[in-house]
Amino acid sequence: MESNNRNDRQAGNRSGNAPRSIYERAANDGAWFGLWFTAIFGLSVASMHVPLLNILVLTMALLVPFGAYRFLRRTYVESHGLVTYSALWMQGILTFAAGSLILCAAAFIFMRWIYPDFIMDTLRLGVEFYRNESTGTGAELAAEFQTIIDRGLAPSPFTIAMVWMWLGLFSGSVLSMFLAGAVRLVKVPLDSGRS
């Protein structure tokens with residue numbers, strides 16, 4: 001009996017009869033963002049060998065706020081403008097948290113088992129890049145990177161993955177704070193059944 005009720009609720013969610021919670025929306029949207037962030041990470045790694053990919057990486061990164069706005073706007077429209085600012089903000093925070101967690105896991109797996117020399121190779125590229133700079137600052141940075149390599153002070157894959165996760169969560173929560181307000185500035189259309 002309980003499984004039938006659960007199936008009815010899920011069917012209602014798909015047909016639009018029952019409203020979805022912000023937590024369910026954040027989990028679904030966060031999964032998409034997680035894939036998006038992982039693709040950005042993968043292209044960033046590839047851009048170390050194919051620099052033109054940096055254009056695609058930058059474009060994908062700049063599209064993140066538009067995607068987040070679209071997710072929050074959909075929630076606002078489907079609630080007929082009744083969802084509160086704080087609920088929209090919380091949905092945004094949770095969406096970025098879920099997406100960042102997926103990125104963190106993917107980055108850790110990549111750096112730990114797929115390409116274990118990624119961190120050291122990145123530091124070596126930094127040394128090479130900054131040594132070719134004509135400024136004194138470039139030479140100092142190259143020396144610092146070389147010291148990190150020589151003394152084995154490079155951060156672990158876990159540390160880097162966690163930093164990226166916290167960076168994504170923090171920047172996403174700040175972005176969501178502004179987007180939640182922007183979403184509410186535009187009135188809900190009369191035919192809000194179709195967003």
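Is Trp89 buried, partly exposed or exposed? I looked this up at the outset and found that Trp89 counts as partly exposed, at 29% relative accessibility. I use buried for under 20% relative accessible area, exposed for over 50% and partly exposed for in between, with a 1.4 Å probe and protein chains only.

**Basis of the entries**

I note that this is a predicted model, in which local features need pLDDT of at least 70 and side-chain atom pairs count only at pLDDT 80 or more, while totals for chains, interfaces and linings use all residues. Residues are numbered from 1 along each chain as its sequence is written, and side-chain values use heavy atoms, with hydrogens and water left out.

**Entry 1: overall fold**

I counted seven helices and zero strands in the protein. Along the sequence the pattern reads α-α-α-α-α-α-α. Helices (H or I, at least four residues) and strands (E, at least two) are DSSP runs, numbered from the N terminus. Of the 195 residues, 31% count as buried. I then turned to contacts, meaning heavy atoms within 4.5 Å. Among the contacts with a separation of 6 or more, residues 24 or more positions apart account for 75%.

**Entry 2: the nonpolar core**

I looked up the largest nonpolar core, which has 33 residues. Such a core is a set of buried Ala, Val, Leu, Ile, Met, Phe, Trp, Tyr and Cys residues joined through side-chain atoms within 4.5 Å. Phe33, Leu88 and Met111 have the most contacts inside this core. At least two core residues come from each of helix H2 (22–46), helix H3 (53–78), helix H4 (85–114), helix H5 (118–131) and helix H7 (157–185). H4 gives the largest share, eight residues.

I followed Leu88 further. Apart from neighbours within four places in sequence, Leu88 is in contact with Leu72, Thr75, Tyr76, Val83, Ala180, Val183 and Arg184.

Thr75 lies in helix H3. I recorded Thr75 as buried because its relative accessibility is 4%. Residues up to four places away in sequence aside, Thr75 touches Arg25, Val83, Leu88 and Gln91. Thr75 and Ile22 are 53 residues apart along the chain, and their C-alpha atoms are separated by 7.9 Å.

Asp29 is in helix H2. Why does Asp29 count as buried? I found its relative accessible area to be 3%, and the cut-off for buried is under 20%. Beyond its neighbours within four places in sequence, Asp29 is in contact with Phe71, Arg74, Gln91 and Thr95.

**Entry 3: the cavity**

How many cavities of 30 Å³ or more are there? I found one. The search rests on a simple idea: rolling a probe the size of a water molecule over the atoms shows where empty space is left. On a 1 Å grid over the protein atoms alone, a cavity is a set of points where a 1.4 Å probe fits but cannot get out, and lining residues have an atom within 4 Å of a point. Grid points are joined across faces, edges and corners, and a volume is the space filled by probe spheres set on the points.

The largest cavity has a volume of about 40 Å³. Its lining consists of Ala68, Phe71, Leu72, Gly92, Thr95, Phe96 and Ser176. H3 and H4 are the elements that give two or more residues to this lining.

**Entry 4: aromatic pairs**

I found 15 aromatic pairs in the structure. Rings of Phe, Tyr and Trp (its six-membered ring) pair if their centres lie within 6.5 Å; planes under 30 degrees apart count as stacked, over 60 as edge-to-face and the rest as tilted.

Tyr85 and Trp89 form a tilted pair, 6.0 Å centre to centre with 45° between the planes. Tyr85 and Trp89 are separated by about one helical turn because they are four residues apart in helix H4. Tyr85 is partly exposed, with a relative accessible area of 30%.

Phe110 and Phe118 form an edge-to-face pair, 5.7 Å centre to centre with 75° between the planes. Both Phe110 and Phe118 are buried. I also noted one aromatic cluster formed by Phe41, Phe110, Tyr115, Phe118 and Trp164.

How values were computed
1 Å grid on protein atoms, 1.4 Å probe; cavity = no way out; pocket = protein on both sides within 12 Å on 5 of 7 lines; lining within 4 Å.
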